[in-house]
Structure formats: C-alpha cells, structure tokens
Amino acid sequence: MSGKNTDPHLEGGILTGGRALREASRAMILLHGRGGSATEMIRLGQDLGLRGTAMLAPQAVDRSWYPNGFLAPITSNEPWLNSAMKRIRELLTLCAECEIPMKQISLVGFAQGACLALEYIVRYPQEYGAVIAFTGGLLGPLGSDLARPGSLGGTSVLLSSGDPDQYVP
C-alpha cells in the first residue's frame, strides 16, 4: 500500500447482487476483511437470504481497507481509512438517490470490514437498518476512550466473534 495517493480506494470496484438497486426497497453494504473480496461478501449476502434486497460490495485496493491492525493508532491507518469511509458514504448516497431510506440500509462486515462498519456508524450516527459485525471492533488502541456522541436510534446491531480469537481480544 502506497501512502502517496490520498484516496487509495478510489479505483476499487463495486460488485452488486440481489435485487437491482433501483427496484429494491432495502439494501446491504457488505464489507470484506483483509485479504477477502467483494465476491465473498456477495455470497455471504446471498446466504443471509433476504429476498428483495440490493447488495453492494466494494472491493478494497490490494484486498485491505487499511494497512495496520484495528488496535493501531487511527492516524497510522490513514489515508486508507478515510478513503474507505468515503466509499461507504458514496454507497449510502447512491442508495438515497434510489429512494432507499437509511433505516432500510444495513452495513455488514467481516473482520476488517466489521471494524470499518463499526467505525463508520460511530462517526456518522443515525438510524440504520442494521449493523452486523462478524469479528471486529472499534478502531484504536486498547484503553482508548471509545465514547462517541450521537445516537443510533432504532438500529439493530449484531456483534459476533469466536472465542478465543487471535486478532480480536
């Protein structure tokens, strides 16, 4: 990962699945983990079996949203982290342009993608359809103050992890 580009994920593609976005009444944004792919996340979305849902899975450049672990100082993961946040915001805007309300949009992430989904919702709190984080956590070193202003309203949140997990304490 080169630090020269201030928007490293600009060239990352977006894979779609499920119902066409313009025909859907709800959407899922699916975020892969380090080394993973948008293709794997579309398969996961299909396995969730939510008929009538549009699925949007962005692909991180070099298969990683940010270079360091989620417990590293946040600044050490820039500019990749802000670029990833921008991709999520663009997908949410695309959903809004297709008249899908935020409370009908779910963010689903695995590992690094789970961390990304959680970081996004605490930076931009509001009512989302759901947030599903498979093995992830908020970004920042252990002992960081993780309190953030704002409310997620009626957002359903599922956090899961294996025990023990070698990456998520």
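**Figure 1. Asp7 and Lys86 form a salt bridge through their side chains, with N to O at 3.1 Å.** A salt bridge here is a side-chain nitrogen of Lys or Arg within 4 Å of a carboxyl oxygen of Asp or Glu. The model is predicted: local features need pLDDT of at least 70, side-chain atom pairs count only at pLDDT 80 or more, and totals for chains, interfaces and linings use all residues. Residues are numbered from 1 along each chain as its sequence is written, and side-chain values use heavy atoms, with hydrogens and water left out. The Asp7–Lys86 pair links distant parts of the chain. Asp7 sits in the segment before S1, Lys86 in helix H2, and 79 residues separate them. Helices (H or I, at least four residues) and strands (E, at least two) are DSSP runs, numbered from the N terminus. Asp7 has a relative accessible area of 10%, so Asp7 is buried. Lys86 is partly exposed because its relative accessibility is 33%. The cut-offs: buried is under 20% relative accessible area, exposed is over 50%, and partly exposed is in between (1.4 Å probe, protein chains only).

**Figure 2. Asp7, Lys86, Arg87 and Glu90 are joined in a salt-bridge network.** Asp7 also meets Arg87, at 3.0 Å from N to O. That pair spans 80 residues, from the segment before S1 to helix H2. The Glu90–Arg87 salt bridge has an N to O distance of 2.9 Å. Arg87 is buried at 7% relative accessible area, while Glu90 is partly exposed at 37%. The count for the model comes to five salt bridges.

**Figure 3. His9 is buried in the segment before S1.** Its relative accessible area is 1%. A polar atom of the His9 side chain lies 2.9 Å from the backbone oxygen of Trp65. What else does His9 touch? Leaving out residues up to four places away in sequence, His9 contacts Ala60, Val61, Ser64, Trp65, Trp80, Ser83, Ala84 and Arg87. Contact means heavy atoms within 4.5 Å.

**Figure 4. Six strands form an open sheet with mixed pairing.** The strand order is S1-S3-S2-S4-S5-S6. Two strands pair if DSSP finds at least two bridges between them. S1 (14–18) and S6 (156–160) stand at the edges with a single partner strand each, so one side of each has no neighbour in the sheet. Neighbouring strands are turned by 15 degrees against each other on average, direction ignored. S5 (residues 130–134) pairs with S6 in the parallel sense over five bridges. In this pairing, Ile132 stands opposite Leu158 in S6.

Figure 5. Axes are lines fitted to C-alpha atoms, for helices over the stretch in contact, and angles run from 0 to 180 degrees between N-to-C directions.

**Figure 6. H2 and H3 (residues 112–123) cross at roughly 75 degrees, their axes coming within 10 Å.** This makes H2 roughly perpendicular to H3. Angles of 65 to 115 degrees count as roughly perpendicular, under 35 as roughly parallel, over 145 as roughly antiparallel, and the rest as oblique. H2 contributes Leu81, Asn82, Ala84, Met85, Ile88, Arg89 and Leu92 to the contact. H3 contributes Leu116, Glu119, Tyr120 and Arg123.

Figure 7. Pro79 lies in the loop between S3 and H2. Arg63 is also found in the loop between S3 and H2. Arg63 is not a glycine, yet its phi is positive, about 60 degrees. Arg63 is partly exposed at 41% relative accessibility. In the loop between S5 and S6 lies Thr135. Thr135 has a positive phi near 60 degrees. Is Thr135 buried or exposed? Thr135 is buried, with a relative accessible area of 16%.

Methods
Polar contact = N/O pair within 3.5 Å; in protein donor to acceptor, adjacent residues only side chain to side chain.
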